[in-house]
Amino acid sequence: MLLSQLPPTLSGWPLALCSAPHWLLTSEALLPVDEPLDAAWLVLFGKGLGAHHLARLAALLTHHGVSASLYPPGEPAGIPLLLLGTSHFSPALVQGIKAETWDLDLCHLAALPSLREPGLLVMDMDSTAIQIECIDEIARLAGVGEQVAAVTAAAMQGKLEFADSLRNRVALLAGAPVTILDDVAGHMPWMPGLRLMVDTLKDAGWKVAIASGGFTRFAGELQRALGLDAIFANELALDGDRLSGQVSGRIVDAAVKAEVLERLAADYTVPPSQTVAVGDGANDLKMMGVAGLGIAIHAKPLVRAQAAATLNHHDLEGVICLLGALACRDLRWC
């Protein structure tokens, strides 16, 4: 089957490819094969996914010397998805994919966790589980928004050491009324797909936790609303009914986030291959590094460059796409 002859949308592919159980992707065609490749994976997903994306990917695979076989399309979280097994994992292909601009999300991964087995997902909170940076919102209400936001941005880009930057930002909040925390907690915009992701994971027997450089006041709100299994965040110290400008206890920085993921995996007896870390900032990279799969969502350039998987066009429903992709192996063309 020539790639140029494929129906433009996925809905027509099952009929066009029904003559063979498996198809090898070449630069110009799909060739029938007896056994699919599965040493590593390519996952493409997005509303406009079609034949032109596969043709563009085929050219990249040829350039980097990677063979790939196509599985039947799926639709986890209602999003069209293609899974391809590859002959090997290629860091060069990863960089080739990231160097180009795509109108959907495309990831080349050495391994994929599966929703068919118990697992653990640990996510950042600010700009990951929710759409804001809580400390910036507190600072805005306290009248020091610009000063704090500038430090937050530099810390998330990896330009500042996180613990020191947090102490400096919290110091600027000294004297602010505690009621500000309630105002922010009452208006936290969740990241789209958050409830779908958590409910899907919990239904599949997964544990879900937050490890955040933000604050327990807000992580606790999410835990109560979503039934999260654990939260780890920082505690703002109080002076009566005012913020003292200090943080109580050990700061949850990059190293602590990684420790949290490993400790929870041990506590829940989840193998490393079934652990997932999701975040957007530089202080999430260590956690992503020890997870079976690290996922960057709407992330800073430094994080997009280093994360195994990136969600540039999807919100947290994209996590379900990645974790549900292996189900395509069990589908049939007809």
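User: Which backbone nitrogen lies 3.0 Å from a polar atom of the side chain of Ser90?

Analyst: This is a predicted model, in which local features need pLDDT of at least 70, side-chain atom pairs count only at pLDDT 80 or more, and totals for chains, interfaces and linings use all residues. Residues are numbered from 1 along each chain as its sequence is written, and side-chain values use heavy atoms, with hydrogens and water left out. A polar contact is a pair of N or O atoms within 3.5 Å, where within protein one must be able to donate a hydrogen and the other to accept it, and residues adjacent in sequence count only if both atoms are side-chain atoms. At 3.0 Å from a polar atom of the Ser90 side chain, the backbone nitrogen is that of Leu93.

User: Is Ser90 buried or exposed, and which residues is it in contact with once its neighbours within four places in sequence are left aside?

Analyst: Ser90 is found in the loop between strand 5 (81-86) and helix 3 (91-99); helices (H or I, at least four residues) and strands (E, at least two) are DSSP runs, numbered from the N terminus. Its relative accessible area is 6%, so Ser90 is buried, a term for values under 20%, with exposed meaning over 50% and partly exposed in between (1.4 Å probe, protein chains only). Contact means heavy atoms within 4.5 Å, and leaving aside neighbours within four places in sequence, the contacts of Ser90 are Val66 and His108.

User: Where is Ser69 found, and which backbone nitrogen does its side chain reach at 2.7 Å?

Analyst: Ser69 is found in strand 4 (residues 68-70), and with a relative accessible area of 1% it is buried. Not counting residues up to four places away in sequence, Ser69 touches Trp23, Leu24, Leu25, Pro36, Leu37, Leu83, Leu84 and Gly85. The backbone nitrogen that the Ser69 side chain reaches at 2.7 Å belongs to Leu37.

User: What is the angle at which helix 8 and helix 13 pack?

Analyst: Leu196, Met197, Thr200 and Leu201 in helix 8 meet Glu317, Val319, Ile320 and Leu323 in helix 13, and the residues of this contact divide into six nonpolar, one polar and one charged. Here Ala, Val, Leu, Ile, Met, Phe, Trp, Tyr, Cys and Pro count as nonpolar, Asp, Glu, Lys and Arg as charged, and the others, Gly among them, as polar. Axes are lines fitted to C-alpha atoms, for helices over the stretch in contact, and angles run from 0 to 180 degrees between N-to-C directions. On that basis helix 8 (residues 194-203) and helix 13 (residues 317-324) have axes 7 Å apart and pack at an angle of about 35°.

User: Which element gives the largest share of the lining of the largest pocket?

Analyst: On a 1 Å grid over the protein atoms alone, a pocket is an open set of points with protein on both sides within 12 Å along at least five of seven lines, a cavity is a set where a 1.4 Å probe fits but cannot get out, and lining residues have an atom within 4 Å of a point. Grid points are joined across faces, edges and corners, and a volume is the space filled by probe spheres set on the points; for the largest pocket this volume is about 320 Å³. Of its 19 lining residues, Ile97, Lys98, Glu100, Thr310 and Asn312 lie nearest the centre. The largest share, four residues, comes from strand 6.

User: How many residues line the largest cavity, and which strand gives the most to that lining?

Analyst: The count comes to two cavities of 30 Å³ or more, and the largest cavity has a volume of about 120 Å³. It is lined by 14 residues, with Asp126, Glu133, Phe162, Gly213 and Gly214 nearest its centre. The strand that gives the most to this lining, with four residues, is strand 8.

User: What is the volume of the second largest cavity?

Analyst: The second largest cavity is lined by Pro21, His22, Leu70, Tyr71, Pro72, Cys328, Arg329, Leu331 and Arg332. By class, these residues divide into six nonpolar, one polar and two charged. The volume of the second largest cavity is about 40 Å³.
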